[in-house]
Amino acid sequence: MSLPTDFKRKKPLWCPGCGDYAILNSLQKASSDLGLKPHRVVLVAGIGCSGFLWSNYNSNSFKAIHGRVLPVATGIKLANPDLTVIGASGDGDAYSIGGNHLIHTIRRNPNITYIVMDNQVYGNTKGHTSPTAHVGFVTKSTPYGSGEQPVQPMTLALATGISFVAQGFSGYPRQLADLIRRGIQHKGFALINVLSPCVVFNREYTYDWFREHLLNLDEDESHDSESREEAFKICTNDDRVPIGVVYAKERASYQDMLPNLSRTAIVRQDLKGDLARLSRLLEGFS
Ligand SMILES: Cc1ncc(C[n+]2csc(CCOP(=O)(O)OP(=O)(O)O)c2C)c(N)n1
Ligand code: SF4
């Protein structure tokens, strides 16, 4: 058994009202609901306001450079498959500089949960246009309005073969905790995109805007979360923004596809020093 307070560390530094507080609380609740132990969890965070999750969530942790959360998380999972590995990024970290890693991690399907704190802006660099910002979005980096089509995380993930994709909203922390719990339980790569308002640099996508535009799939009993086709239809409807489990269907994970990797995981190897071998190796360099 564990409690949400077991996963508390420093007092968060986010601005008052930032959506990221709810993500932290939801992750702590999901962790305790699953009875996880902080020392059996690794949180890998990127760079950005979102990356501060790293200092606020009590577990083993790794602060990766910008955009590199997923390669680090995959490496940790392969080194010790028994750990619960969670990644956390902003939308810039995940879909811009880290976009290539996301595509290939989805293909590989390692048993990792990836939480993307999507505020549609670069919060940490003081409000630049991000890859999920809409066409026409005005910031200091696009003073005449963004001329780029936004990345659509849900459809991108579906098209690449994701086995679990959900969307949450910081304004609904109870549902978010449940989505994170289900993502951690999922055997394979789980992407949870969280609509998380930046109350300082994004005055368009506010809590009120989301409340008016959300479509809650968890309240729709007819939603078949195992149908990729239905998931595409829901996510390409421009009128409403879906939240809930959009698509979930297990397929072989990276570890299942390459069982040798799990058998030879670093933690399962006898790493006792072999001085004779080391000396021979060093001689080769002399
Ligand atoms: C390699 C590299 N490029 C650029 C930066 C500058 N930088 C820091 S945070 C950031 C973007 C932050 O936006 P996002 O990932 O959406 O996170 P948020 O701050 O909004 O949570 C950038 C470009 C960096 N730290 N490292
Ligand atoms: S700048 Fe925005 S994203 Fe960053 S802590 Fe403040 S409200 Fe949150």
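At 47% relative accessibility, Lys 126 counts as partly exposed, a label for values between buried (under 20% relative accessible area) and exposed (over 50%), with a 1.4 Å probe and protein chains only. This is a predicted model, in which local features need pLDDT of at least 70 and side-chain atom pairs pLDDT 80 or more, while totals for chains, interfaces and linings use all residues. Residues are numbered from 1 along each chain as written, chains are lettered from A and ligands numbered from 1 in written order, and side-chain values use heavy atoms, without hydrogens and water.

Let's stay with Lys 126 for a moment. You will find Lys 126 in the loop between β5 (121-122) and β6 (128-129); strands (E, at least two residues) and helices (H or I, at least four) are DSSP runs numbered from the N terminus. Its phi is positive, at about 75°, although Lys 126 is not a glycine. Most residues other than glycine have a negative phi. Where is the other loop residue to look at, Asn 109? Asn 109 sits in the loop between α5 and β4, and it too is a non-glycine residue with a positive phi, here about 65°. Is Asn 109 buried or exposed? With a relative accessible area of 1%, Asn 109 is buried.

Two packed helices are described by the angle between their axes and the distance between the axes. For helix α3 (residues 69-79) and helix α5 (residues 99-108), the axes come within 8 Å and cross at roughly 35°; axes are fitted to C-alpha atoms, over the stretch in contact for helices, and angles run from 0 to 180 degrees between N-to-C directions. On the α3 side, Leu 70, Pro 71 and Thr 74 make the contact (heavy atoms within 4.5 Å), and they meet His 101, Leu 102 and Thr 105 of α5. By type, the residues of this contact divide into three nonpolar, three polar and no charged.

Now for the sheet. What is the order of its strands? This open sheet of eight strands runs β2-β1-β3-β4-β8-β7-β10-β9, with mixed pairing; strands pair if DSSP finds at least two bridges between them. The edges are β2 (60-63) and β9 (214-216), each of which pairs on one side only. From one strand to the next, the twist averages 20°.

Let's look at β8 (residues 190-195). Six of the six residues of β8 are buried: Ala 190, Ile 192 and Val 194 on one side, and Leu 191, Asn 193 and Leu 195 on the other. On one flank, β4 and β8 pair in the parallel sense over six bridges, and Val 116 stands opposite Asn 193. On the other flank, β7 and β8 run parallel and are joined by six bridges. Here Phe 164 has Ala 190 as its bridge partner, and Gln 167 has Asn 193.

Strand β7 (residues 164-169) is mostly covered as well, with six of its six residues buried. Phe 164, Ala 166 and Gly 168 point one way from β7, whereas Val 165, Gln 167 and Phe 169 point the other way. The partner of Ala 166 in β10 is Val 245.

Helix α9 (residues 228-235) lies across β9 and β10, running at about 165° to β10.

Our last stop is ligand 2. Which residues surround ligand 2? They are Trp 14, Cys 15, Cys 18, Cys 49, Asn 119, Cys 198, Val 199 and Phe 201, each with a heavy atom within 4 Å of the ligand. This shell divides into seven nonpolar, one polar and no charged; Ala, Val, Leu, Ile, Met, Phe, Trp, Tyr, Cys and Pro count as nonpolar, Asp, Glu, Lys and Arg as charged, and the others, Gly among them, as polar.
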